[in-house]
Amino acid sequence: MSANPETHYSVRSSVYYAAGDKRQLFAYAYAPHGTEETNIQFAEHVVEIRDVRQASQALRLDVEGASVLSHRSAVHSFYDENELLRVGYLEAADLVRSATGAAEVVVFDHNIRGRKGPAKAVAATDVKNPVFHIHTDFSDTSALSRAAAVLGRPPVPGQRMAAINVWRPIAEPLRDSPLAICDASSVETGDLLAADLIYPNRKGQIYYVAYNPAHRWYYASDMRKDEVWLFKNFDTATDGRARFAPHTAFIDPTHLVAAPRESVEFRTFAFFN
């Protein structure tokens, strides 16, 4: 049987890696006026990004660091903050708990991202732009310190903890600025570059990523509202399972004209017995 000419097993697109630097890297989340926003230099690389729809093996959270799940949300409007906190947070916690077997899941914040365009305008004022730099949300040290701030106490010594994001389109199909995930098993420790992320009232730390031609990239084409990405930003486990899955938005060259992206992302800490 001949292949469907409309089927794309992968796309080639630009992603933006950080250049290695001996200085301590930093970026301001909200740069004060007149302040250098970052000292990080980014380099464009064209990579192959494979469509998980065409993969013979589904991605696994503990192997590649990410997975795509089917889930229909009961949230009617993700722009309604009260409904998001009341319904969306519980759903995200249940999803992570079900997928991982975690004893406890704490959802501690969320981001709505989108781009205004001619087809549709995203009206909410708290919508953030998609991020086009490859990164993880935490480093080894910042995940534990953020968990301590969220819990109001340090995590239990020796208890396994993972930072897992739940990412969902809220307009479909999602073709503008889709999410690309780097296979965690293709990432070397030396690829991860710690950078301070500076907020007005606190300082976090994330990893930007140095280019490595061995990296394997994945995306899910035409994502629907009843699908979610789960992906890891940190795991205390050091037994060979995935710990960090770098990610970025990218431009899909097969859909250069598309309705502007709208997505929601919940961030969670999962704790295991």
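The protein chain contains 2 helices and 14 strands; helices (H or I, at least four residues) and strands (E, at least two) are DSSP runs, numbered from the N terminus. The model is a predicted one, in which local features need pLDDT of at least 70 and side-chain atom pairs count only at pLDDT 80 or more, whereas totals for chains, interfaces and linings use all residues. Residues are numbered from 1 along each chain as its sequence is written, and side-chain values rest on heavy atoms, with hydrogens and water left out.

The overall form may be considered first. For 273 residues, a compact globule would have a radius of gyration near 19 Å, and the protein chain, at 18 Å, agrees with this. That radius is taken over C-alpha atoms, and the globule rule is 2.2 Å times the number of residues to the power 0.38. Along the principal axes, the C-alpha atoms of the protein chain fill a box of roughly 55 × 45 × 45 Å. Of the 273 residues, 50% count as buried; buried means under 20% relative accessible area, exposed over 50%, and partly exposed in between, for a 1.4 Å probe and protein chains only. The accessible surface amounts to about 13,500 Å², and 49% of it belongs to carbon and sulfur atoms; such areas come from the Shrake-Rupley method with a 1.4 Å probe, and for residues only the protein chains shown count as cover.

The largest nonpolar core has 26 residues, of which Val15, Ile49, Met161, Trp217, Phe250 and Phe269 touch the most other members. Strand 1 (residues 10-18) provides the largest share of this core, 3 residues. Apart from this core lies another, of 25 residues, including Val75, Leu84, Ala92 and Val105. A nonpolar core is a set of buried Ala, Val, Leu, Ile, Met, Phe, Trp, Tyr and Cys residues joined through side-chain atoms within 4.5 Å. Leaving aside neighbours within four places in sequence, Phe250 is in contact with several residues, among them Val11, Val15, Ile49, Phe132, Ser177 and Tyr219.

Ser177 counts as buried because its relative accessibility is 1%, and its phi is near 55°, a positive value in a residue other than glycine. Pro173 also lies in the loop between strand 7 (161-169) and strand 8 (179-182), and the peptide bond from Glu172 to Pro173 is cis, with omega near -10°.

A further loop, between strand 10 (203-209) and strand 11 (217-219), holds Ala210. With a relative accessible area of 15%, Ala210 is buried. Apart from its neighbours within four places in sequence, Ala210 is in contact with Tyr17, Ala18, Asp191, Leu193 and His215. Ala210 and Leu193 are 17 residues apart in sequence, and their C-alpha atoms are 6.9 Å apart in space. Tyr211 is likewise found in the loop between strand 10 and strand 11, but is partly exposed, with a relative accessible area of 37%. Residues up to four places away in sequence not being counted, Tyr211 touches Tyr17, Ala18 and His45. Between Tyr211 and Ala18 there are 7.3 Å from C-alpha to C-alpha, although the two are 193 residues apart in sequence.

Two other loop residues complete the account. Asp222, in the loop between strand 11 and strand 12 (227-235), has a positive phi of about 50° although it is not a glycine; at 29% relative accessibility, Asp222 counts as partly exposed. Leu256 lies in the loop between strand 13 (247-249) and strand 14 (262-271) and counts as exposed, at 66% relative accessibility.

How values were computed: Contact = heavy atoms within 4.5 Å.
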